[in-house]
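Here are my notes on the model you sent over. Have it open while you read.

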Amino acid sequence: MTINRIIKINPEALIANGYDRAIKGIGNRNGKPVLLYSSDKCIQQLMEDNDWTDEEAFEWFTYNTESAYMGENTPIFEWDPEE
């Protein structure tokens, strides 16, 4: 599992609680390995878990999660390419 792997590589890496289904893998923030999440899957997870519309989930995610910076061990949120 990716969370166990990141803990072994970087024990100080932060985990975005509630977004386990949105983990894509491990990314790199200024030379430090951190968790990499799919922004689109985070929004989908918020919609499913809270019975929110796409707009509600997008607004909450971009304000409360994506824009939160908690230092060099903060996870990376990546938007999936448009299909």
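The points below go from the sheet to the core and then to the rings.

1. Ground rules. This is a predicted model, where local features need pLDDT of at least 70 and side-chain atom pairs count only at pLDDT 80 or more, while totals for chains, interfaces and linings use all residues. Residues are numbered from 1 along each chain as its sequence is written, and side-chain values use heavy atoms, leaving out hydrogens and water.

2. Three strands make an open sheet, in the order 1-2-3 with mixed pairing. Strands here are DSSP E runs of at least two residues, helices are H or I runs of at least four, and both are numbered from the N terminus; two strands pair if DSSP finds at least two bridges between them. Strand 1 (23-29) and strand 3 (76-78) sit at the edges with a single partner strand each, so one side of each has no neighbour in the sheet. Strand 1 pairs with strand 2 (residues 32-38) in the antiparallel sense, over six bridges.

3. You'll find S39 in helix 2, and it is buried, at 0% relative accessible area (buried is under 20%, exposed over 50%, partly exposed in between, with a 1.4 Å probe and protein chains only). Beyond its neighbours within four places in sequence, S39 is in contact (heavy atoms within 4.5 Å) with F61, E66, F77, E78 and W79.

4. The core. The largest nonpolar core has 15 residues, and Y19, L35, Y37, C42, F61 and F77 touch the most other members. Such a core is a set of buried Ala, Val, Leu, Ile, Met, Phe, Trp, Tyr and Cys residues joined through side-chain atoms within 4.5 Å. Helix 1 (2-9), strand 2, helix 2 and helix 3 (54-66) each give two or more residues to this core, and helix 2 gives the most, with three.

5. The rings. The whole structure holds six aromatic pairs (ring centres within 6.5 Å, using the six-membered ring of Trp; planes under 30 degrees apart are stacked, over 60 edge-to-face, the rest tilted). F58 and W79 have ring centres 5.9 Å apart and planes at 50°, so this pair is tilted. F58 is in helix 3 and W79 in the segment after strand 3, so the pair ties together parts 21 residues apart in sequence. F61 and F77 form an edge-to-face pair, 5.5 Å centre to centre with 80° between the planes.

6. Buried or exposed? F61 is buried at 0% and F77 is buried at 15%, whereas F58 is partly exposed at 41% and W79 is partly exposed at 36%.
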